[in-house]
Amino acid sequence: MDEFTSRLVKLHHCKSASWKIIYQLLKIDPMLNSISPNYSSVYTPIDFPLNHSKFKTIKEELRSNKIDEQIQQYKYDHIRIISIFDDEYPPLLKEIYEPPWILYTKGDLTLLKNATILAVVGSRESTAYSYQVIQHLFPQLIEKDIVIASGLAKGVDTLAHEGAIKYGGRTIAVIGGGFYHIYPESNKQLACSIMNQHLLISEYPPNTKPARWHFPMRNRIISGISRGTLIIQAKRRSGSLITANFAVQEGREVFAVPGSVLSPHSDGANELIQQGAKLIRNAEDIIEELVY
């Protein structure tokens, strides 16, 4: 890790350093020299993007040995750090609104650059219908080397990861907290399997406990690394629809599996089809859009 990346990673660990603050700092100070210990200001208050108290707080956080100790531990836990300026960073993800400055990863990084990725999301209260749809679609998708990305949540996310593994495919899990706080706990074993044989990624430092607002932000990464997003069962107010909306904003394909008009679990997916998402009957409906 070069000096610039090291500074960026340390800055990314500061609780006071939001995405926008990092952006502001990079605009005025592209090498982040201002956060090095021996920095003496060469900027006027008008030039510098942060008020004095905010910058002072960040500098105080950076002086702590705690951040350095955390980062040093990652190599022993086989956690790879990728910055947005690295070649390994997924090109599609750079195109989204506020792409993560840093990705923390465990597993096979080639999946981020050399694969056709399909995001598969849906209700956290999966039904037998969700399972049947995955059984129906996944064998042919995986035969075409399509990688399945999802969010490790209960319900359809879990079925998607498990289905990809069951049919001999590859899967990427994007989580809403750090690696040391896998959520939900019921998926810890699945997460370990994905870390060892597939790929687990997060934009949060590994010691970050998941918070409610992390999950909508996670959804932009799920759709952001993917060429298309497939919705399998979703209620009208569902996190899956947030993922679909991100995909639309990012100019990606949106697919939806129709469901019974009598089931609230399919209201969101049916509504997406009304709004223009492609109705999916079989795997070929997806393959013809993603595999050239």
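**Helix and sheet packing in a predicted model**

Biologist: Which strands does helix α10 lie across, and at what angle to β8?

Modeller: Helix α10 (residues 267-274) lies across β7 (228-232), β8 (253-257) and β9, and runs at about 130° to β8. Angles run from 0 to 180 degrees between N-to-C directions, with axes as lines fitted to C-alpha atoms, for helices over the stretch in contact, and contact means heavy atoms within 4.5 Å. Helices (H or I, at least four residues) and strands (E, at least two) are DSSP runs, numbered from the N terminus.

Biologist: What should I know about the model and the numbering?

Modeller: The model is predicted, local features need pLDDT of at least 70, side-chain atom pairs count only at pLDDT 80 or more, and totals for chains, interfaces and linings use all residues. Residues are numbered from 1 along each chain as its sequence is written, and side-chain values use heavy atoms, with hydrogens and water left out.

Biologist: OK, what's the strand order in the sheet?

Modeller: The open sheet of nine strands is ordered β1-β2-β6-β5-β4-β3-β7-β8-β9, with mixed pairing; two strands pair if DSSP finds at least two bridges between them. β1 (80-83) and β9 (278-279) stand at the edges with a single partner strand each, so one side of each has no neighbour in the sheet.

Biologist: Is the pairing of β1 with β2 parallel or antiparallel?

Modeller: β1 pairs with strand β2 (residues 102-107) in the antiparallel sense over four bridges, and the bridge partner of I81 in β2 is Y104.

Biologist: Switching topic, how do α5 and α6 cross?

Modeller: The axes of helix α5 (residues 128-143) and helix α6 (residues 156-166) come within 10 Å and cross at roughly 40°.
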